Protein chains: 2
Amino acid sequence: MRQDRAIRTRNTILEAMASLFNEVGYDAATIAALVERTGLTRGALYFHFASKEDMARAVLDEAVTRDGLRPQTFKVQEWVDLGLLLAYRVPREPVLRAAIRLSVDPKARRLFGTRWPDWAAVGRDLLTEAQDRGELLPHTDPDAISRMVVGAWTGVQLVSETLGDTFDLSEEIARMYQLMLPSVVSPAVLARIDLSPERGERLLRADESEATAGV
Amino acid sequence: MRQDRAIRTRNTILEAMASLFNEVGYDAATIAALVERTGLTRGALYFHFASKEDMARAVLDEAVTRDGLRPQTFKVQEWVDLGLLLAYRVPREPVLRAAIRLSVDPKARRLFGTRWPDWAAVGRDLLTEAQDRGELLPHTDPDAISRMVVGAWTGVQLVSETLGDTFDLSEEIARMYQLMLPSVVSPAVLARIDLSPERGERLLRADESEATAGV
C-alpha cells in the first residue's frame, strides 16, 4: 500500500514537472514552481527525484513506449500502430509531450540527448522484419523510411499543437501514413492495413480492459 | 555606401543573434553574449535593434521566403521547390534555422507566434492552383496536405539536425516528397516533376547568377 502511494506521488510529480516543461521550457521550469503546483514540500520532491535534471531524464526514459502494441498479421501494421498509439496518447499525456519538448530544446538536448535514435531503431527493426516477410515494395530502405517518419511524426505533432485545438493529432498522423504507405508497402498488404485515426484509441482500450481483467 | 554598410552590420548582428538562439535557446541568448560575439558596442547593437525581442521578430520576418522560386510549367513543382529551396538553405543560414528554433520554444512561441500558418497558407494556395489546373489526384485536400507537409518538413529538419552531420537535409526532404507525391499528384504530372535533392541548390544558383548579371 505504502509503495503504491509512493509510485502515485512520483507520477504526480513527474506529470506536474512535465507540464511545466511544456508550458515554459526546460530552463524556466523551477523546483519552486513545482512546489507551488503540487503542494508538496521540497523534502517530498527530493525524496523522489534528486534534481530537475533527474526529472528530465525520467521524462525521456518514458518516451519510448510500446504500451498498447500487440502482435499483428503484418509487421508493417505494428510499425503503423506505434505511430497511431502515440498520436492518441501524446495530446493526453504531458510526460510524453514533454519528451518531445525537451528534444527540441537546445539546452535540454545538449544535456540529455533525444530518444529519436531509439525510435528510429525500433521502426527500422519492424520495417526490416516486414521486408523479410515480403510486405514492402522492392528497393525500400527501412532505415531511411523509419528515420523520415520519426521526423515527420514529430513535426506534424509540433505544428498541429501550435495551430490550436482545431486539429486532431490522430487524424493528422493517420493522413500522413495514408499518404506515404502506398510508396512503402506492397499493394496486396496495403489493402489489409488499418490506417484509421481511431485505431490508436482502440488498441489502448483493448490493452486496458485486458489489464483490468488480469489477463 | 554608408547605407550598404549599415545593412551589412544589421545582417551580421541578426546572424550572430540567430546563432545564439540556435545554440542556447531564446531565453539564454543575451545581449552581453551578442556583444562578445560580434565585437560591437551595445550602442551599435541598439542602433539597429531596440531589444532582443526585436531581433527575434526580425528573425521570424525573414522566415517565409520565396528566394530562388520561379514560375514552372506545373504549380505542384513550385510547391515542391519551396521545400527543396529551404532544405538547401536552412543548414547554411542561421537566421532560417533560428526561425524554426524560436517556433518550437515555448516562451518565444508565446511572445511571437510562429510562421507555420503563413507557410501552410502559401502551400495551400499553390496546391489549390495546381488542383484547378488538374495536376492533383481527385479528392486531394490542398489545405490538409499543405499543413501536413509543413509539419513533416519541420520535423525531418529537427530530427536530422540532431542526428549530426551524417544526414543531408536536401536528401531527406527530397525523399519525403518522393514518398508522398504519388498520393497527391496525378501520374502524368508526377512523371514530369523534378524531385532531386540537388534542385534547391540549382534554383538558388541560377537566381544568384541572374542577380549578379543584373537581369
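Is Ser170(A) buried or exposed? Ser170(A) is buried, with a relative accessible area of 6%; buried means under 20% relative accessible area, exposed over 50%, and partly exposed in between, with a 1.4 Å probe and protein chains only.

Before I continue, a word on conventions. This is a predicted model, in which local features need pLDDT of at least 70 and side-chain atom pairs count only at pLDDT 80 or more, while totals for chains, interfaces and linings use all residues. Residues are numbered from 1 along each chain as its sequence is written, chains are lettered from A and ligands numbered from 1 in the order in which they are written, and side-chain values use heavy atoms, with hydrogens and water left out.

Let me return to Ser170(A). Its place is in helix H10 of chain A, residues 169-180. Helices (H or I, at least four residues) and strands (E, at least two) are DSSP runs, numbered from the N terminus. Leaving aside neighbours within four places in sequence, Ser170(A) is in contact with Ala87(A), Tyr88(A) and Pro197(A), where contact means heavy atoms within 4.5 Å. The C-alpha atoms of Ser170(A) and Leu84(A) are separated by 6.5 Å, although these residues lie 86 residues apart along the chain.

I turn to chain A as a whole. It has twelve helices and zero strands. Among its contacts between residues at least 6 apart in sequence, 68% join residues at least 24 apart. Buried residues account for 51% of the 215 residues. The C-alpha trace of chain A spans about 60 × 45 × 35 Å along its principal axes.

Over residues 7-67 the chain is 70% helix and 0% strand, with the end C-alpha atoms 18 Å apart. Over residues 30-49 the figures are 75% helix and 0% strand, with the end C-alpha atoms 13 Å apart.

In chain B, helix H4 (residues 52-61) has several buried residues, including Met55(B), Val59(B) and Leu60(B). The buried residues of H4(B) pack against helices H1 (2-24), H2 (31-38), H6 (94-103) and H7 (106-112) of chain B.

How are the two chains related? Chain B can be laid on chain A with an RMSD of 0.0 Å by a turn of 180 degrees and a shift of 0.0 Å along the axis. That is the relation of a two-fold axis. The copies are superposed by least squares on the C-alpha atoms of residues with pLDDT of at least 70 in both.

The contact takes 40 residues from chain B and 40 residues from chain A. Since 100% of the interface residues of chain B are also interface residues in chain A, the copies meet through the same surface. The area buried between the chains is about 3,200 Å², of which carbon and sulfur atoms give 70%. Arg147(B), Met148(B) and Leu179(B) supply 21% of the area that chain B buries against chain A, more than any other three residues. Buried area is the accessible area (1.4 Å probe) that two parts lose on being put together, summed over both.

Finally, Arg147(B) lies in helix H9 of chain B, residues 142-162, and is buried, with a relative accessible area of 10%.
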